[in-house]
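Me: I would like to go through this structure with you, step by step. Could you take my questions as they come?

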Amino acid sequence: MITRKAEAEWRGPVREGGGTLKLGSGAFEGPYSFKSRFEGGIGTNPEELLGASHAGCFSMALSLILTMAGHPPSRIHTTAKVHLEKTPDGYRIAAIDLETEAVVPGLAETVFADMAQKAKVGCPISKALASVDIRLAAKLLQD
């Protein structure tokens, strides 16, 4: 089993305080705050990092599926939009929109759409987020 690590430290009251998010690999360390999470302030936030994780996981899963089917991609670019919604019980992630574009020489659009759907369902981050509405828009680009 592979174990990955990330850290968060928070100091102070929620609205006035702030924190730091840090990846165990050292690839990222940055500030986050109430403003960066809920008001568009400077810094990152957990939802943004979740979106990056999901986009990366999906892109790799799609590359694997395409390559195993004999259609290695030239390029896959995925954006994840994480929708944070206020509910009577607090905030929740209501949906994630995955938007992907790929260059895959010699592949039909319908086959690509099917493989993209399989990647959406099969990537580990999608599986972990099974309670979230994950929507996919997949576009096959020409070389």
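Me: Which residues in H2 meet which residues in H3?
Reply: In this predicted model, Phe 58, Ala 61, Leu 62, Ile 65 and Leu 66 in H2 meet Phe 112, Met 115, Ala 116, Lys 118, Ala 119 and Lys 120 in H3. Contact means heavy atoms within 4.5 Å. Helices (H or I, at least four residues) and strands (E, at least two) are DSSP runs, numbered from the N terminus.

Me: How many nonpolar, polar and charged residues are in that contact?
Reply: The contact of H2 with H3 has nine nonpolar residues, two charged ones and no polar ones. Here Ala, Val, Leu, Ile, Met, Phe, Trp, Tyr, Cys and Pro count as nonpolar, Asp, Glu, Lys and Arg as charged, and the others, Gly among them, as polar.

Me: At what angle do the axes of the two helices cross?
Reply: The axes of H2 (residues 46-68) and H3 (residues 109-122) cross at roughly 130° and come within 8 Å. Axes are lines fitted to C-alpha atoms, for helices over the stretch in contact, and angles run from 0 to 180 degrees between N-to-C directions. H2 and H3 are therefore oblique to each other; angles under 35 degrees count as roughly parallel, over 145 as roughly antiparallel, 65 to 115 as roughly perpendicular and the rest as oblique.

Me: And is the crossing left-handed or right-handed?
Reply: H2 passes H3 in a right-handed crossing. A crossing is right-handed if the near helix is turned clockwise from the far one by less than a right angle, and left-handed if anticlockwise.

Me: Now the core. Which residues touch the most other members?
Reply: The largest nonpolar core has 23 residues, of which Phe 58, Leu 62, Leu 66, Ile 96, Leu 98, Val 104 and Phe 112 touch the most other members. Such a core is a set of buried Ala, Val, Leu, Ile, Met, Phe, Trp, Tyr and Cys residues joined through side-chain atoms within 4.5 Å. Buried means under 20% relative accessible area, exposed over 50%, and partly exposed in between (1.4 Å probe, protein chains only).

Me: Which element gives the largest share of this core?
Reply: H2 does, with six residues. The elements that give two or more residues are H2, strand E4 (75-87), strand E5 (90-103), H3 and strand E6 (133-141).

Me: What is Leu 62 in contact with, leaving aside its neighbours within four places in sequence?
Reply: Leu 62 is then in contact with Ile 76, Thr 100, Phe 112, Met 115, Ala 116 and Ala 119.

Me: Is Met 60 buried or exposed?
Reply: Met 60 lies in H2 and is exposed, with a relative accessible area of 65%.

Me: What about Lys 127: where is it found?
Reply: Lys 127 is found in helix H4 (residues 124-128) and counts as exposed at 55% relative accessibility. Apart from neighbours within four places in sequence, Lys 127 is in contact with Val 121 and Gly 122.

Me: Stepping back, how many helices and strands are there?
Reply: The protein chain has four helices and six strands, in the pattern β-β-β-α-α-β-β-α-α-β along the sequence. Buried residues make up 32% of its 143 residues.

Me: Anything to know about how these values were computed?
Reply: Residues are numbered from 1 along each chain as its sequence is written, and side-chain values use heavy atoms, with hydrogens and water left out. Local features need pLDDT of at least 70 and side-chain atom pairs count only at pLDDT 80 or more, while totals for chains, interfaces and linings use all residues.
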